[in-house]
Amino acid sequence: MRWKIETLTFDLVDDICLGLQSGMVTEAGLPPTHADGLGPLLELRHTQPNVLNGDGGRLWLATDSYRELLRNMHVTDAWFEHASGHQGYISVDRLRRDELAWTNFVLRAKRAAIAVGFSDDYGAKLTAAIGEFYANVIDHSGHVETGYVVYSASPGRFEFVVADAGVGVLNSLRSNPAYAHLVDAGTALELALDEGVSRYYTEQGHGFGFRPLFVGLANISRYMRFRSDDHSRSLTRNADGSIDAQTSQLATTNGFFCCVVCDVEIQTPTNHPDQAPKNAERG
């Protein structure tokens with residue numbers, strides 16, 4: 001266990017969730033930790049919902065920057081930070097029911113991205129990507145009412161999370177006879193992310209579509225992390241524009257969770273944006 005780490009990273013979330021699920025660790029034994037990133041905090045909330053109460057307050061975890069967000073995620077289907085607008089949340093069910101909700105969300109998220117340094121063009125690309133991700137929740141989760149979208153903007157950085165507590169990628173793919181033989185969630189994630197396959201017998205227009213999204217965000221995305229069942233698939237952009245991909249077995253989570261982290265400093269890479277993932281590894 002990496003208990004010396006005091007910042008809530010994805011690695012620490014992995015350790016906490018695995019320890020809690022295996023019974024090797026209790027909440028009373030968790031280290032004092034500060035959450036300063038959206039993705040790890042929401043993945044912890046998604047995988048171990050009982051660890052956080054309604055407003056995220058726990059003695060071992062400081063969530064000051066996200067306390068209001070967590071509280072509103074618990075009690076409402078849409079919320080935007082009043083002071084700066086740099087954080088926002090909306091349920092996928094609200095987006096599906098309210099025709100104006102998506103337009104409002106796009107305007108707020110794009111405004112937040114531009115305010116922290118992204119160009120108007122990349123602000124539009126970010127919101128378009130979020131739209132594609134939440135459309136996948138509608139198409140593939142089987143439980144649209146559990147889906148949600150969250151963004152957080154800080155100087156030079158824009159993060160967003162799209163997640164649901166649906167059937168998960170493996171079960172979704174297995175409903176397609178062509179992939180009924182799959183038993184490994186890691187393989188299912190790789191197929192969905194790298195090849196765009198889906199549960200639909202005819203996949204045109206119905207694939208998960210994450211690979212094209214990553215290409216579309218190539219100029220600004222630094223890190224992408226996808227979680228489903230007991231695996232993760234991470235895509236990390238290097239300084240030269242190449243992409244390292246890794247699949248790892250972790251604690252079990254519900255449905256599907258993805259986090260995308262984009263940085264202003266890599267808006268204009270030297271490499272072609274179609275640079276394919278390399279150095280694919282299994283962890």
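Me: Before we start, what counts as a strand here?
Reply: A strand is a DSSP run of E with at least two residues, and strands are numbered from the N terminus. In this predicted model, strand 5 covers residues 148–154, and serine 152 has its place there.

Me: Why is serine 152 called buried?
Reply: Buried means under 20% relative accessible area. Serine 152 has 6% relative accessibility, so this residue counts as buried.

Me: What makes Phe158 a contact of serine 152?
Reply: Contact means heavy atoms within 4.5 Å. Leaving aside neighbours within four places in sequence, serine 152 is in contact with Phe158, and also with Leu38, Tyr66, His86, Gln87, Arg157 and Glu159.

Me: Which residues have the most contacts inside the largest nonpolar core?
Reply: They are Phe118, Val149, Phe158, Phe160 and Phe226, in a core of 46 residues. Helix 6 (residues 120–140) gives the most to this core, with 7 residues. There is also a second, separate core of 33 residues, with Leu8, Tyr148, Val150 and Phe257 among them.

Me: Where does serine 242 lie, and why is serine 242 called buried?
Reply: Serine 242 lies in the loop between strand 8 (231–237) and strand 9 (243–249). The cut-off for buried is under 20%; serine 242 has a relative accessible area of 3%, so this serine is buried.

Me: How do you know that serine 242 and aspartate 240 make a polar contact?
Reply: A polar contact needs a pair of N or O atoms within 3.5 Å. The side chains of serine 242 and aspartate 240 make such a contact at 2.6 Å.

Conventions:
Residues numbered from 1 in each chain as written. Predicted model: local features only at pLDDT ≥ 70, side-chain atom pairs only at ≥ 80, totals over all residues. Heavy atoms only, no water. Helix = DSSP H or I, 4+ residues; strand = E, 2+ residues; numbered from the N terminus. Buried < 20%, exposed > 50% of the residue type's maximum accessible area, 1.4 Å probe, protein only. Core = buried A, V, L, I, M, F, W, Y, C linked by side-chain atoms within 4.5 Å. Polar contact = N/O pair within 3.5 Å; in protein donor to acceptor, adjacent residues only side chain to side chain.
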